[in-house]
Amino acid sequence: MNSKIYKAHFALLGANLIYGANYIIAKGIMPEKINPNAFVFIRLLCCTLLFWGVKILFVREKVERNDFLRLALCGLLGAAANMLFFFHGINLTSPVDASIIMTTTPVIVLIFSFFILKEGITKNKLIGISFAGIGAIFLILYGNKAVGTSSFLGNLLVFFNASFYGLYLVIVKTLMNKYSAVTVISWMFLFGLIFVFPFAITDFNNTNFEAFTTNTYLVIGYVVLFTTFFAYLFNVYALNYVSPSVSSSYIYLQPVISFIMVSIYAYVLMKDQYAQDINLIKILSCVMVVVGVYIISKPPKKMNLKPQQ
């Protein structure tokens with residue numbers, strides 16, 4: 001394994017450590033300090049400026065007129081809807097639940113690829129979809145009865161977030177083959193900002209910035225710089241040297257990091273609201289999802305079930 005492969009794996013590790021910690025870090029200031037809509041607006045505004053800065057300085061690439069509609073759809077799904085549902089979901093539910101539900105993203109990508117890209121589904125993948133789906137659905141429904149910070153509505157919103165993001169990954173595939181990743185993400189964030197603006201500008205204007213503490217700014221900075229900007233660049237860098245299947249396998253780390261972070265908050269920092277967020281049912285749900293995604297990632301068999309043309 002050469003040094004570039006090692007660096008790619010370190011980049012993936014770093015990105016997923018960032019994502020895993022983000023579940024509880026982002027939740028920490030909502031809704032007391034900032035409304036989820038306003039938080040999404042700040043995230044999109046700052047990252048749009050950052051990515052366009054990178055594009056202007058390093059990537060001189062024009063987009064064909066007939067691709068703007070697809071870029072706008074990517075902005076709607078991959079930025080606006082994805083982020084709004086995630087922030088509203090994590091505002092209501094447990095970081096543990098959210099991190100487990102997000103590991104269903106490869107399953108959702110597979111399902112949308114079947115219907116949109118007409119990609120075949122093997123028997124193994126059908127079994128994997130069933131395992132992961134049962135685990136995710138059970139966890140979402142369990143949010144109605146669970147103690148701690150779990151919530152059925154929050155879990156459902158996080159699942160919608162994963163679904164929109166999975167659909168975005170399928171739609172953006174052809175654009176990524178045609179343009180650089182920086183070009184695609186720059187336009188995607190710009191369109192996402194435009195879509196979010198009508199829903200978030202009032203909440204942003206009503207935000208009491210005078211009540212922000214140093215911790216509030218640090219959390220916002222973490223979400224903008226690390227969870228969005230650096231994590232995305234880490235993933236793009238890694239994909240130059242490893243396959244998408246290797247990259248997606250690192251998503252298994254996110255529930256582990258979330259479990260550790262919640263445990264630290266509950267038993268070290270003595271934040272009692274998180275003390276009951278980890279239990280046997282959630283662990284079993286997590287195992288089902290991980291097993292399902294693992295089965296899906298196994299090499300396909302020769303016989304495929306193909307969708308009707």
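**The fold and its residues**

Author: The chain holds 13 helices and 0 strands, where helices (H or I, at least four residues) and strands (E, at least two) are DSSP runs numbered from the N terminus. This is a predicted model, in which local features need pLDDT of at least 70 and side-chain atom pairs count only at pLDDT 80 or more, while totals for chains, interfaces and linings use all residues. Residues are numbered from 1 along each chain as its sequence is written, and side-chain values use heavy atoms, with hydrogens and water left out.

Reader: What share of the contacts with a separation of 6 or more joins residues 24 or more positions apart?
Author: A contact means heavy atoms within 4.5 Å. Among contacts in the chain with a separation of 6 or more, the share from residues 24 or more positions apart is 89%.

Reader: What percentage of the residues in the chain is buried?
Author: Buried means under 20% relative accessible area, exposed over 50%, and partly exposed in between (1.4 Å probe, protein chains only). Of the 309 residues, the buried ones make up 51%.

Reader: Is Ser 186 buried or exposed, and which residues does it touch?
Author: Ser 186 lies in helix 9, residues 181-205. Its relative accessibility is 0%, so Ser 186 counts as buried. Ser 186 and Phe 51 are 135 residues apart in sequence, yet their C-alpha atoms are 5.3 Å apart in space. Leaving out residues up to four places away in sequence, Ser 186 touches Phe 51, Trp 52 and Lys 55.

Reader: Which residues does Val 170 touch, beyond those up to four places away in sequence?
Author: Val 170 belongs to helix 7, residues 152-171, and its relative accessibility of 4% makes it buried. Arg 60 is 110 residues from Val 170 along the chain, with 25 Å between their C-alpha atoms. The residues touching Val 170 are Val 109, Phe 112, Ser 113, Ile 116 and Leu 117.

Reader: And which residues does Val 219 touch, with the neighbours up to four places away not counted?
Author: Val 219 is part of helix 10, residues 214-239. At 7% relative accessibility, it also counts as buried. The contacts of Val 219 are with Ile 25, Ala 26, Ile 29 and Phe 39.

Reader: How far from Cys 47 is the nearest cysteine sulfur?
Author: A disulfide is a pair of cysteine sulfur atoms within 2.5 Å, and a search of the whole structure finds 0 of them. Cys 47 is accordingly in no disulfide, and the nearest cysteine sulfur is that of Cys 46, at 6.7 Å.

Reader: Where is Pro 31 found, and what is the omega of the peptide bond from Met 30?
Author: Most peptide bonds are trans. Pro 31 sits in the loop between helix 1 (3-27) and helix 2 (36-58). The bond from Met 30 to Pro 31 is cis, with omega near -5°.
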